[in-house]
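Hi,

Here is the structure I said I would pass on.

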Amino acid sequence: MGQYVGICGSYEYYFYGYYFQRRERIVEEMNLIVTGGAGFIGSNFIYYELENHPEDRVICLDKLTYAGNLSTLEEAMKSPQFRFVKGDIADRECVEKLFEEEHPDIVVNFAAESHVDRSIEDPGIFLMTNVIGTEVLMDACRKYGIKRYHQVSTDEVYGDLPLDRPDLFFTEETPIHTSSPYSASKASADLLVLAYYRTFRLPVSITRCSNNYGPFHFPEKLIPLMISRALADEPLPVYGKGENVRDWLYVVDHCSAIDLVIRKGREGEVYNIGGHNERTNLEVVKTILRELGKPESLISYVTDRPGHDMRYAIDPGKIHRELGWLPQTKFDDGIHRTVQWYLEHREWWEKILSGEYRNYFDHMYGKRLQQ
Ligand code: NAD
Ligand code: TYD
């Protein structure tokens with residue numbers, strides 16, 4: 001089998017080392033349940049699917065926690081191929097009812113409590129949604145039958161790498177070694193997914209991606225937090241010395257990778273996703289300040305996060321070799337586009353900042369910013 005290159009019209013292209021082969025694409029209409037689709041990556045994925053697979057139906061199941069925002073899905077709501085259902089992935093009755101109504105072919109599980117700092121404050125809800133929720137979804141997949149259950153996981157399950165070993169990267173064989181309650185809950189879910197494959201032969205796949213950035217990113221995470229605060233000329237809270245390294249990927253590149261894995265990836269496999277875009281937090285914050293024409297004097301160093309991972313860096317070789325995936329967006333272009341998006345969509349994030357999130361910010365940063 002050649003290496004999958006991509007789709008053009010009704011053909012798929014494969015590369016065999018010396019020549020390309022064109023194969024007619026068999027377009028099968030599918031029902032996808034996308035959980036957590038009112039959040040950052042899930043919503044971007046819904047738009048990616050509606051655009052690239054107009055024949056498919058997409059059903060979003062989301063509990064609408066503080067991180068879920070229905071206004072994000074306003075455009076999707078206009079499509080007859082889209083349905084939104086409010087519900088909790090850990091609620092068995094609700095999940096089974098949805099499976100009975102929709103008979104999904106594919107389930108892509110984005111739903112999660114996703115913020116490390118919140119997991120340090122209150123781990124319980126992370127276990128409920130990220131672990132029990134995954135179990136409930138997979139039980140429904142077993143009961144009603146499924147072509148693919150896909151778990152959206154994170155590189156944080158591998159723990160961290162030292163700053164002085166730039167030659168080291170996470171591969172799919174890197175041992176699981178978690179640091180925060182968030183990453184421990186995601187790793188637990190991954191192990192459960194692989195156990196369901198081995199024990200029940202449930203057709204599963206897992207992707208482990210590095211840090212994403214782009215439109216609809218909730219403003220408690222580094223990049224949107226810094227953009228929104230810099231625009232208001234407020235201090236930018238950088239943890240520790242700002243030397244921790246993250247491997248940033250534009251969110252649409254993550255969506256294209258998941259799309260490939262659910263349709264072409266092998267069952268029972270884990271695929272790492274990343275674009276070799278390592279930056280220290282300080283570099284990221286300074287880039288944002290330059291984009292906005294704001295002074296570096298806004299940077300305020302605050303007490304470090306407990307257990308703070310030093311460096312994440314992904315080796316995406318497997319997904320490239322097997323599925324031909326490569327990221328399309330360079331960091332400089334992606335960050336420029338992201339800053340522009342936040343400038344053009346002020347009402348989206350200003351509404352969030354004016355609500356419940358304000359209390360969270362004061363609780364988490366109030367004392368740290370006064371030090
Ligand atoms: P997010 O916090 O922006 O969105 C999470 C969504 O899940 C929200 O819409 C929320 O309402 C929903 N949700 C939470 N609990 C739920 C429940 N019990 N039932 C149904 N819906 C529920 O998260 P995100 O950044 O979009 O991350 C999505 C997934 O990708 C997560 O599984 C995360 O672990 C993973 N991931 C994120 C990143 C990143 O950089 N953000 C990187 C790698 C992997
Ligand atoms: P975050 O966006 O929370 O993602 P993750 O912890 O999953 O990588 O944080 C990215 C990096 O930015 C991380 O090293 C912590 C740091 N950070 C700050 O320095 N200040 C902040 O206010 C936040 C939210 C994060």
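Threonine 134 counts as buried because its relative accessibility is 1%, where buried means under 20% relative accessible area, exposed over 50% and partly exposed in between (1.4 Å probe, protein chains only). You will find threonine 134 in helix H4, residues 124–144. Helices (H or I, at least four residues) and strands (E, at least two) are DSSP runs, numbered from the N terminus. The side chain of threonine 134 makes a polar contact of 3.5 Å with the side chain of glutamine 151. By polar contact I mean a pair of N or O atoms within 3.5 Å; within protein, one must be able to donate a hydrogen and the other to accept it, and residues adjacent in sequence count only if both atoms are side-chain atoms. Not counting residues up to four places away in sequence, threonine 134 touches Ile89, Asn109, Thr129, Tyr149, Gln151, Ala189 and Val193, with contact meaning heavy atoms within 4.5 Å.

Before you go further: this is a predicted model, where local features need pLDDT of at least 70, side-chain atom pairs count only at pLDDT 80 or more, and totals for chains, interfaces and linings use all residues. Residues are numbered from 1 along each chain as its sequence is written, chains are lettered from A and ligands numbered from 1 in the order in which they are written, and side-chain values use heavy atoms, with hydrogens and water left out.

H4 also turns up as a partner of helix H2. The buried residues of H2 pack against H4 and against strands S4 (31–35), S5 (57–62), S6 (82–86) and S7 (106–109). Which residues of H2 (92–102) are buried? They are Cys94, Val95, Glu96, Leu98, Phe99 and Glu102. Aspartate 91 caps the N-terminal end of H2, with a side-chain oxygen 3.2 Å from the backbone nitrogen of glutamate 93. After H2 comes histidine 103, which has a positive phi, near 45°.

Next, the loop between S5 and S6, where threonine 72 sits. Threonine 72 has a relative accessible area of 2%, so it is buried. Its side chain is joined to that of tryptophan 348 by a polar contact of 2.9 Å. Leaving aside neighbours within four places in sequence, threonine 72 is in contact with Ala38, Ser43, Tyr47, Phe216 and Trp348.

Then there is lysine 318, in helix H9 (residues 317–323). Is lysine 318 buried or exposed? Lysine 318 counts as buried, because its relative accessibility is 13%. A polar atom of its side chain lies 2.8 Å from the backbone oxygen of valine 270. Setting aside neighbours within four places in sequence, the contacts of lysine 318 include Glu172, Arg266 and Glu269.

Now the whole protein. It has 12 helices and 16 strands. Its radius of gyration is 20 Å, close to the 21 Å that the globule rule gives for 371 residues, so the protein is as compact as a globular protein of that length. That radius is taken over C-alpha atoms, and the rule is 2.2 Å times the number of residues to the power 0.38. The C-alpha atoms fill a box of roughly 60 × 50 × 40 Å along the principal axes. Buried residues make up 56% of the 371. Of the contacts with a separation of 6 or more, 79% are between residues 24 or more positions apart.

Cheers
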